[in-house]
Amino acid sequence: MKMKLSDLTNHAGEWLRGSGPMSEIVISSRIRLARNVTGFPFLTRCTRHQRQALEQKVRETILAADLSSQVLYVDLENAPDMDRQLLVERHLISKPHAGAEGARGVAIAENETLSVMVNEEDHLRIQCLRSGLQLEEAWEQINKVDDKLEAALDWSFHPRFGYLTACPTNVGTGIRVSVMLHLPALKLTGEIEKLFRAAKDMKLAVRGLYGEGTEATGDFYQISNQTTLGKSEDDIISDFKHAIVPKIIEWEQHARRTLRDDRTVQLDDKVGRALGILRSARLIASEETLLLLSHLRMGVHLNRVKDIDLRTINELFLLTQPAHLQRIQGRKLEGDVRRAVRADYIRQRLGVA
Amino acid sequence: MKCDNCNKNATVHLTEIKGGKKIEKHLCEQCAAQNEGLPVKSHMPINELLTNFVMQHSGLQKETGTGCDQCGITWAEFRQSGLLGCANDYQLFEKDLTPLLLRAHEGMTHHVGKVPTRRGGSGVPMKRQVDLTRLRKDLAKAVEAEDYERAAKLRDQIRQAETG
């Protein structure tokens, strides 16, 4: 069965279902592998012709590799802007990949838990994205995909340096393990600094909702490893699973309990205001939406709001983003029209109080 | 403010401490360049300034860099973009890359972890090549530490891996 890009729009991907372990705090687990193919220079040194030949070779390999019963391949060079934006919002491609030029693409499979970017910074960027804390499952899945692709493609590999990547900061395993955390209580209680200090001590990067160079909007923080050389994939994942993530979860849970037990009025005020605005606004920007949904999400988890579930909120985080909103409406929306449509959509999904 | 030497506008302000005495100088660009040996180029873009600074302090000059014979990239070009041009560059720039890798990867310089199952260019399975690289490194360390018992063991392991 052939998949179309439009099939993706009307629901959130698996990773946003809010179904995985610890999903009230851990939104998603992501693992990506950087791989390059021998016989081609890295992308900044590829001629236009080499770039096209590489894209074709990798695309054909992916489609022949039997990665999944359904694989959607999007030719990003010729895709409309809106489609590329949509894929960024769904975390299936990176912002630089959307905005780049020349032959490039992305393969999407397994209910959007798997995507393979072709001709990004490296020849291939394979990623697995799963709901909640599921790093080992993501590793198992991506490891198999890597094996299948390696059966047909010769990876650039050096006995000392490992998998060779365009940027030496990715060399070795070429792995980036990230978890997306929702930490509204640490932010409200002013303890979020703890996270930054701990991350610095453990050589981890803290980023926003859309990765490199983005702000932590809506209290979402993406924590990822920076060391890729001299440490095995299993060790990196194990550190996340056993040391790093449980600690942060504990801090956030503690902060949420403190808010609920000792600062109940302040908490209810925040949550009530968020719900009030979301249910009453007639014009709303995406930034404000993220912030209010963040407070509402915490309120739902702490049982301060009883008639809304986490899944609805998770979906709203995605479906109120510009490209999704326009795709659902089936037309281009700008300025106040877009803000009005967003406000209508939110009111419809949250119901009127 | 006028330049201390001529009548032009002073744009370079220097404070020197000599023998505990503070001397302030106000110079125009030309006088600063001539008298103090300070090359001042106005309106130099910030990235160029930084690149020059890095070049001077890493002891590298743009002119001396020879390029990779496969992708053409020079070390200076890599330093500007942060991206290497091809797989060969890791070998070519190995010496210069090492301190960079040490900083980026918590002092590690050798790969540990997954290895492709397919044979590398030499015909020796990749897994064994990786083992050999590590064993040789350990051997060098053992010799340096004058731990000859361990060195002998490693030597035997290397021989076995080479022929095995």
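User: Which residue in β8(A) stands opposite A:Arg32?

Analyst: Happy to start there, noting that this is a predicted model: local features need pLDDT of at least 70, side-chain atom pairs count only at pLDDT 80 or more, and totals for chains, interfaces and linings use all residues. Residues are numbered from 1 along each chain as its sequence is written, while chains are lettered from A and ligands numbered from 1 in the order in which they are written. Strands (DSSP runs of E, at least two residues) and helices (H or I, at least four residues) are numbered from the N terminus. In β8(A), the residue opposite A:Arg32 is A:Arg176.

User: And what is the bridge partner of A:Arg32 in β5(A)?

Analyst: Two strands pair if DSSP finds at least two bridges between them. β1(A) and β8(A) are joined in the antiparallel sense by seven bridges, and β1(A) also runs antiparallel to β5(A), with eight bridges. In β5(A), the bridge partner of A:Arg32 is A:Gln127.

User: How many of the 10 residues of β1(A) are buried?

Analyst: A residue is buried if 20 or more other C-beta atoms, placed from the backbone, lie within 10 Å of its own, exposed if 12 or fewer, and partly exposed in between. β1(A) is largely enclosed by the rest of the structure, because its buried residues number 10 of 10.

User: Which strands are the edges of the sheet in chain A?

Analyst: The sheet is open, with antiparallel pairing, and its eight strands come in the order β2-β3-β4-β5-β1-β8-β10-β9. Neighbouring strands are turned by 20° against each other on average, direction ignored. An edge strand pairs on one side only, and here the edges are β2 (71-75) and β9 (204-207).

User: Is A:Arg207 buried or partly exposed?

Analyst: A:Arg207 belongs to strand β9 of chain A. A:Phe220 is 13 residues away from A:Arg207 in sequence, with 8.5 Å between their C-alpha atoms. Because A:Arg207 has 18 C-beta neighbours inside 10 Å, it counts as partly exposed.

User: At about what angle does α7(A) run to β8(A)?

Analyst: Axes are lines fitted to C-alpha atoms, for helices over the stretch in contact (C-beta atoms placed from the backbone and within 7 Å). Angles run from 0 to 180 degrees between N-to-C directions. Helix α1 (48-64) of chain A lies across β2, β3, β4 and β5, at about 165° to β2(A). α7(A) lies across β1, β8, β9 and β10, and its angle to β8(A) is about 15°.

User: Where is A:Asn303?

Analyst: A:Asn303 takes a positive phi of about 65° although it is not a glycine. With 8 C-beta neighbours inside 10 Å, A:Asn303 counts as exposed. Its place is in the loop between α9 and α10 of chain A.

User: Turning to chain B, which residue of the β1(B)-β2(B) hairpin has a positive phi near 55°?

Analyst: Chain B has seven helices and two strands, in the order β-β-α-α-α-α-α-α-α from the N terminus. β1(B) and β2(B) run antiparallel with seven bridges, and B:Val12 has B:Leu27 as its partner. Two residues lie between these strands, and the positive phi near 55° belongs to B:Gly19.

User: How far apart are the end C-alpha atoms of α7(B)?

Analyst: The expected span of a helix is 1.5 Å times one less than its number of residues. α7(B) has 16 residues, so it should span 22 Å. This helix is hardly covered, with one buried residue.

User: How many residues of chain B are in contact with chain A?

Analyst: The side of chain A that touches chain B has 11 nonpolar, 13 polar and seven charged residues. Here Ala, Val, Leu, Ile, Met, Phe, Trp, Tyr, Cys and Pro count as nonpolar, Asp, Glu, Lys and Arg as charged, and the others, Gly among them, as polar. Chain A contributes 31 residues to these contacts, and for chain B the count is 31.

Methods: Contact = placed C-beta atoms within 7 Å.
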